[in-house]
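Please consult the sequence and the structure shown below.

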Amino acid sequence: MRRASSDLLILAAGTIVLACLPAIASPYWLHVAIQALLFAYLCSAWNLVGGFNGALSFAHPIYLSIGGYMAAYLGAEYHISPWIGLLPAIVLSMVVCVCIELIVTRFKLPVLSYALATMALSNIARFVVRSIPALGGVAGLAVPLNAKGWTQFQPGSKSGFFYIILIATVAIVLIVIWFRDSKLGLQARAVRDNERAAEAIGVKAVMVRMKTGLLSAALTTFAGVFYCEFIYIADPITFLSPMLFIEVILFTAVGGMGTLWGPVVGALLLTPTGEILRGSIGATNPGVDGLIYGIIFVVIILLMPHGIISRHRGERSLLRRFFSMEALRPSSSRR
Amino acid sequence: MLEIDSLSVSYGPVEVLHGISLSVGEGEFVALVGSNNAGKSTLLLTISGLLNPTKGTIRFLGKPMNGLAPHRRVADGIIQVPERKRLFPRMTVEENLLVGGSNARAIGERPQMVQRMYEAFPVLGQRRKQEAQTLSGGEQQMLAIARGMMAKPRLLILDEPSLGLAPRIVGDIYKTLVALNAEGLSVLLSEQNARISLQSSRRAYVIQEGRIVLSGNSASLANSDEVRQSYLGL
Amino acid sequence: MNDPIILLQTGISGLLFGSVYGLIAFGLTLVFALTRLLNFAHGSFMLLAMYGSMVLSQRFGIDPYLSVLIHVPVFFGIGYLLYRWIFAGLMESELIVVVQLTLGFVFIIQSALQLTFTADPQTVRTFATNSRLAFGDIVIRTPLIIALVTAAVLAAALFWMLQRTDFGRFIRASVQDPVAAALMGIDVNRVRILAFSIAIALLGIAGPLAIPMWVLEPAAGMEITLFGFIVVVLGGMGSFVGAFVGGLIVGVAEAYGNFFLPGTLAPVVPYALFILMLLFRPSGLFGEA
């Protein structure tokens with residue numbers, strides 16, 4: 001398809017540029033780049049479910065933590081390499097995903113209840129995990145000190161981690177390109193836009209949601225393994241607190257839900273922005289950086305409600321709507 | 001009293017009413033006849049201000065209505081009993097009436113009006129503390145009309161008042177409407193089933209696919225072949 | 001450790017906490033039923049009220065309970081402007097846009113609080129902080145009783161408003177059928193903006209009430225909101241009675257959870273209750289399916 005080939009071109013170009021980064025960037029900026037790519041990865045994974053399938057899921061912290069904790073636990077207890085630990089982690093994530101999907105479908109939860117329920121589940125997971133001493137309790141589970149080398153997912157240098165996440169991000173972009181143009185991707189969007197109509201033409205919404213969810217969960221699990229190895233620890237706050245995961249959702253939304261490049265753009269733009277703010281203003285006045293950050297968010301959302309890369313064409317900015325008569329008309333004027 | 005001139009209304013990109021012109025004189029009883037999806041409800045909702053026309057004007061008592069919010073039209077005296085009644089289901093009969101009579105013109109006489117409604121519709125008086133959704137179909141339609149009357153209408157609009165009701169009850173309702181009209185209330189109503197609406201009204205319009213195709217004296221329309229075939233089931 | 005007196009005391013404390021949850025949930029229900037808007041920043045406003053009381057107490061020596069008098073008009077005004085300028089324009093937007101925007105507000109408020117007050121947890125004292133009241137064998141901390149009594153009075157006042165005043169009827173009518181309400185001459189937009197303002201003003205009251213019972217920290221806003229939503233769904237969306245009863249139930253469940261479970265696990269209980277309710281009765285206790 002014409003679109004895919006131009007996307008592949010962009011991907012190739014971007015990869016080549018980014019691959020040079022470790023050679024020219026300072027350790028600090030390399031660290032920022034790693035985080036930015038990690039967010040790009042996470043946002044793209046979440047976007048499958050949230051953007052393409054329209055399900056506002058707050059369950060992804062659970063998949064993230066399954067990855068992280070499995071890697072740390074198997075590494076600490078059994079000296080199993082995280083690469084190998086990835087497999088049972090993915091399996092477990094997929095099982096959890098299936099359970100959640102079954103419950104949601106069986107009880108036909110509307111969007112709001114689904115979001116709240118998954119948020120509650122993440123919180124429950126957080127409280128449970130932090131109460132289990134074997135998983136490190138409140139402090140979390142650290143990566144064993146003697147884990148070294150690529151086979152143990154410890155490249156020993158920042159650039160090592162950088163290349164891992166770069167390759168992973170390239171891979172996920174390819175996966176999203178495949179997904180977007182595949183039958184599953186089309187079905188996912190159909191279900192998102194009008195479930196009843198989709199069912200009427202034979203699309204089984206349950207299966208579509210399930211498959212999309214499983215893909216997303218599996219991909220997120222890898223990010224969990226990566227992140228745990230990168231920060232040397234898997235802990236309940238970093239991995240399971242809904243407040244921290246919100247950044248993933250916000251970046252995706254600002255970048256543009258349901259598009260290929262939206263999550264990537266959102267993550268690559270906003271992560272360094274946050275870092276720069278934190279580093280410059282935040283160092284002297286902690287809190288101001290968060291304030292400006294939040295204001296930037298709100299302004300972007302008001303100006304581009306559907307994201308920087310919007311899948312809608314020609315929608316009006318919210319600001320323009322506020323100042324029009326339409327804002328004052330009761331919503332009952334629509335039948 | 002009500003003058004509609006070349007009104008066009010669209011749902012998004014689709015135009016559903018095309019250049020409608022219609023009028024209701026002071027004290028008149030006018031019927032709007034048309035099948036499902038002909039545009040009756042769209043027209044009535046636009047008159048009440050819940051939909052915006054893309055072209056054309058609506059004037060009430062000489063005053064242009066375009067852009068006026070629904071609650072202001074109520075203040076001017078345009079009251080609608082909507083399709084499927086739309087009572088407040090979990091509010092009592094009495095509460096429905098109270099809400100009906102809460103606009104600025106009506107509120108001064110509200111307690112007396114409530115009493116008059118109970119006298120005119122004894123059933124409602126008996127069920128005054130019951131939730132509206134527990135009433136039977138006919139009782140609900142009566143309540144809907146009473147609620148509309150509470151608002152002291154100058155023009156009472158009814159959207160398919162006979163929908164889903166047994167013939168005898170429909171008869172009662174129309175008797176009430178005719179009586180109200182005789183006292184000076186202007187009435188505009190829409191129906192699919194033309195028979196009784198043509199019997200009770202003085203003038204009528206026939207609407208089809210968003211256009212007025214026939215208009216005139218109700219009695220002569222009732223005798224016309226077209227109407228008899230399409231709308232009277234003959 | 002299963003001394004019946006202690007069990008009873010725990011339950012009663014739970015009720016008292018729950019009454020504050022009920023107030024929060026009532027406001028959320030009011031907003032959601034009328035506007036279908038999900039304000040994720042709801043809890044953040046309550047946090048603002050709490051910090052506001054702290055400032056008034058530390059700078060001007062005004063007891064947090066008295067600060068309610070200042071909060072009510074201020075927060076009513078904040079709610080009014082917020083709805084008029086921002087939320088009114090969101091009525092037709094997709095859920096995700098509203099979520100994004102309000103999450104953005106959560107960020108802003110959290111950062112502003114952190115900036116002004118640091119991220120350290122704080123406590124605020126009131127005249128009643130250390131006193132207790134005894135009813136026979138049962139001893140309850142006074143702030144909890146004040147909270148319950150105030151919440152109960154407020155609840156009664158709110159229900160009276162809903163049932164017996166025209167404005168209350170307008171609210172219920174606009175919730176049950178906004179089209180019919182407009183046709184009866186109700187200015188539905190005005191009802192919405194006033195109701196939203198009331199909901200935020202209620203947070204201005206709930207904040208000071210909760211101060212003696214909670215520790216203040218800037219990050220708590222989201223958790224309060226989530227709790228509020230849990231109570232709303234538990235009680236039944238759109239049911240005002242459900243909001244209060246749901247609050248009481250969550251309060252009691254939380255109290256017993258804290259009693260029986262270890263500290264790190266205890267907060268699970270309300271969330272678990274929420275999930276169970278969603279599974280077995282998605283419409284909530286008093287909700288219409």
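**Helix packing in chain A**

H8(A) passes H10(A) in a left-handed crossing (the near helix is turned anticlockwise from the far one by less than a right angle; clockwise would be right-handed). The model is predicted: local features need pLDDT of at least 70, side-chain atom pairs count only at pLDDT 80 or more, and totals for chains, interfaces and linings use all residues. Residues are numbered from 1 along each chain as its sequence is written, and chains are lettered from A and ligands numbered from 1 in the order in which they are written.

- Helix H8 (residues 183-193) and helix H10 (residues 205-231) of chain A pack at about 120°, their axes 10 Å apart (lines fitted to C-alpha atoms over the stretch in contact, with angles from 0 to 180 degrees between N-to-C directions).
- Helices are DSSP runs (H or I, at least four residues), numbered from the N terminus.
- H8(A) contributes A:Leu184, A:Gln187, A:Ala188 and A:Val191 to the contact, and H10(A) contributes A:Ala205, A:Val208, A:Arg209, A:Lys211 and A:Thr212 (contact requires C-beta atoms, placed from the backbone, within 7 Å).
- The contact of H8(A) with H10(A) has five nonpolar, two polar and two charged residues (Ala, Val, Leu, Ile, Met, Phe, Trp, Tyr, Cys and Pro count as nonpolar, Asp, Glu, Lys and Arg as charged, and the others, Gly among them, as polar).

**Domains of chain B**

- Chain B is assigned domain 1 (1-77 + 153-234) and domain 2 (85-152), with bounds from an automatic or database domain assignment.
- The centres of domain 1 and domain 2 of chain B, taken over C-alpha atoms, are 23 Å apart.
- Eleven residues from domain 1 of chain B and eleven residues from domain 2 of chain B form the contact.

Note on methods. Contact = placed C-beta atoms within 7 Å. Helix = DSSP H or I, 4+ residues; strand = E, 2+ residues; numbered from the N terminus.
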